[in-house]
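Q: Hi, I'm new to this one. Could you walk me through a few spots?

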Amino acid sequence: MNKELLLKYISGKASQQEKEEVATWIDADAANLKEFISLRKSYDAFLWQDTESLSRKTKKTFSLRPVARWVWQIAAVFVVAFGLNYIMIQAFQKENVEMQTVYVPAGQRTLVTLADGTTVWVNGKSTLTFPNRFSSRTRKVELDGEAYFDVRKDPEKQFIVSTAHQSAIKVLGTKFNVKAYKEADEVITTLVEGKVNFEFNNAGQQPQYIIMAPGQKLVYNSQNGKTQLYTTSGERELSWKDGKIIFRQTSLRDALDILADRYNAEFVIQENVPHDDSFSGTFTNRNLEQVLNFISVSSKVHWRYLNNNGTAGKEKIKIEIFI
């Protein structure tokens with residue numbers, strides 16, 4: 001893959017067609033993902049070094065005194081001192097701010113560190129968009145997919161996670177998980193620590209908010225505007241971050257849904273497969289075959305690949321479930 005194209009993608013300057021080309025390349029091979037992550041780390045390191053160098057140079061050579069005199073001279077004529085000063089501040093803040101995008105292929109996860117020190121685990125089939133530095137009174141990122149946020153506390157700057165479902169999660173410093181895929185109707189937020197202000201539109205499209213407490217999971221349906229609040233330990237909701245799959249008396253259909261999402265697989269279930277089988281177990285960094293073999297041993301269910309023995313490349317792995 002052309003490194004110039006990868007850098008355009010990382011810096012947020014790639015076109016939609018180029019984004020799709022890079023995403024396809026990342027999905028094709030684990031080595032490609034490794035190369036992408038390595039390049040991104042190098043880019044971030046260069047960006048921080050360049051920003052610090054520019055900051056030191058600016059402090060040595062640039063003085064605000066001539067600028068201030070010019071602002072006040074103009075203000076004396078137009079009587080808009082505050083407005084001009086505000087515009088100038090905004091212009092300085094926006095300088096060198098670029099949007100960056102991280103896409104994680106299905107079946108993978110990656111750790112991203114934002115400019116303020118906030119860390120974000122991004123799940124597979126997810127896209128996180130964020131600025132290379134936060135310059136305004138808020139710290140805003142956009143999420144399509146699932147991510148776990150450990151937000152660095154800053155009372156002066158609110159942290160906002162915006163989703164595609166006219167909803168937003170607003171915090172100052174906390175730990176929480178958000179699952180909000182564009183193609184799904186539900187936005188699921190699980191709070192581990194701190195406090196979260198979940199904003200959404202109700203059935204009448206009127207803005208509302210719910211303040212969450214640690215140990216709560218909120219499910220928001222973007223189609224009907226309804227919300228449900230549950231108590232949870234967070235173990236199952238956050239298991240993906242640690243490479244775990246947890247079944248707790250989980251039905252076969254639900255277990256296969258979890259595996260389909262985690263491993264980018266499609267299951268074809270024969271009609272005679274029973275619905276009442278359930279499974280319990282915890283799997284850490286196991287491949288799909290190992291989990292399916294556990295299911296087979298624990299029940300009468302069998303499985304087999306329908307395409308290329310699990311090496312379908314760009315296509316989803318297709319598996320038949322039968323008796």
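A: Happy to! Keep in mind that this is a predicted model. Let's begin with helix α1, which covers residues 3–10.

Q: What does Asn2 reach at the start of α1?
A: A side-chain oxygen of Asn2 comes to within 2.7 Å of the backbone nitrogen of Glu4.

Q: New topic: where is Thr250?
A: Thr250 belongs to strand β14, residues 244–251.

Q: Is Thr250 buried or exposed?
A: Buried: its relative accessibility is 5%, and the cut-off for buried is under 20%.

Q: What's around it?
A: A polar atom of the Thr250 side chain lies 3.0 Å from the backbone nitrogen of Arg248. Leaving aside neighbours within four places in sequence, Thr250 also contacts Arg236, Ala255, Ile258, Asp277, Ser278 and Phe279.

Q: Now α6 and α7. How do their axes cross?
A: At roughly 175 degrees, and the axes come within 11 Å. Helix α6 spans residues 252–263 and helix α7 residues 288–297. An angle over 145 degrees counts as roughly antiparallel, and α6 and α7 are therefore roughly antiparallel to each other.

Q: Which residues meet there?
A: From α6, Leu252, Leu256, Leu259 and Tyr263 meet Leu288, Val291, Leu292 and Ile295 of α7.

Q: What classes are in that contact of α6 with α7?
A: The contact has 8 nonpolar residues, with no polar and no charged ones.

Definitions and conventions:
Residues are numbered from 1 along each chain as its sequence is written. This is a predicted model: local features need pLDDT of at least 70, side-chain atom pairs count only at pLDDT 80 or more; totals for chains, interfaces and linings use all residues. Side-chain values use heavy atoms; hydrogens and water are left out. Buried means under 20% relative accessible area, exposed over 50%, partly exposed in between (1.4 Å probe, protein chains only). Helices (H or I, at least four residues) and strands (E, at least two) are DSSP runs, numbered from the N terminus. A polar contact is a pair of N or O atoms within 3.5 Å; within protein, one must be able to donate a hydrogen and the other to accept it, and residues adjacent in sequence count only if both atoms are side-chain atoms. Contact means heavy atoms within 4.5 Å. Axes are lines fitted to C-alpha atoms, for helices over the stretch in contact, and angles run from 0 to 180 degrees between N-to-C directions. Angles under 35 degrees count as roughly parallel, over 145 as roughly antiparallel, 65 to 115 as roughly perpendicular and the rest as oblique. Ala, Val, Leu, Ile, Met, Phe, Trp, Tyr, Cys and Pro count as nonpolar, Asp, Glu, Lys and Arg as charged, and the others, Gly among them, as polar.
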